[in-house]
Amino acid sequence: MVKHIILWQLKDEFSEEEKMEIKKEIKEGLESLQGKISGLLDIKVNIYGLDSSNADLMLDSTFDKEQSLKEYAVHPEHVKVADGKVRPFTKNRVCIDFEV
């Protein structure tokens, strides 16, 4: 199996209230991909970091194999969420992928 973890920081121009709404939209969009993409075993988005965090939200996803992660990256359903709900609102993305 392969883990795909992403941390994002939202753009500074948003108020705290706007950031919470954006985080909820990202969570809803990404988690809605469960069952729609072959090889995607689990997907969760954490939007409630502690004050000590320097990221605004985290994606924690699991795939059956590395090839499935590659296919997910270009899958139309994922691209729609990434382009519509994530990329327009984020300023920084850090990712780590690893085998488990």
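**Ile96 and the chain around it**

Me: Why is Ile96 called partly exposed?
Reply: This is a predicted model, and in it Ile96 has a relative accessible area of 49%. Buried means under 20% and exposed means over 50%, so at 49% Ile96 counts as partly exposed.

Me: Where is Ile96 found?
Reply: Look in strand β4, which covers residues 90-99.

Me: What makes the nonpolar surface patch?
Reply: Met1, Leu41, Ile96, Phe98 and Val100 make it, and the patch comes to about 470 Å². Patch residues need over 30% relative accessible area; Ile96 has 49%, so it clears that cut-off.

Me: How many helices and strands does the chain have, and how do they run?
Reply: There are three helices and four strands. Starting at the N terminus, the order is β-α-β-β-α-α-β.

Me: How do you know that the chain agrees with a compact globule?
Reply: For 100 residues, a compact globule would have a radius of gyration near 13 Å. The chain has 13 Å, so the two agree. As for its span along the principal axes, the C-alpha trace runs to about 40 × 25 × 20 Å.

Me: What share of the residues counts as buried?
Reply: Of the 100 residues, 34% do, where buried means under 20% relative accessible area.

Me: What share of the contacts joins residues at least 24 apart?
Reply: Taking contacts between residues at least 6 apart in sequence, 69% join residues at least 24 apart.

Methods
Residues are numbered from 1 along each chain as its sequence is written. This is a predicted model: local features need pLDDT of at least 70, side-chain atom pairs count only at pLDDT 80 or more; totals for chains, interfaces and linings use all residues. Side-chain values use heavy atoms; hydrogens and water are left out. Patches are made of residues with over 30% relative accessible area and no salt bridge: like charges are joined within 9 Å, nonpolar side chains (Val, Leu, Ile, Met, Phe, Trp, Tyr) within 5 Å. Accessible areas come from the Shrake-Rupley method with a 1.4 Å probe; for residues, only the protein chains shown count as cover. A salt bridge is a side-chain nitrogen of Lys or Arg within 4 Å of a carboxyl oxygen of Asp or Glu. Helices (H or I, at least four residues) and strands (E, at least two) are DSSP runs, numbered from the N terminus. Buried means under 20% relative accessible area, exposed over 50%, partly exposed in between (1.4 Å probe, protein chains only). The radius of gyration is taken over C-alpha atoms; the globule rule is 2.2 Å times the number of residues to the power 0.38. Contact means heavy atoms within 4.5 Å.
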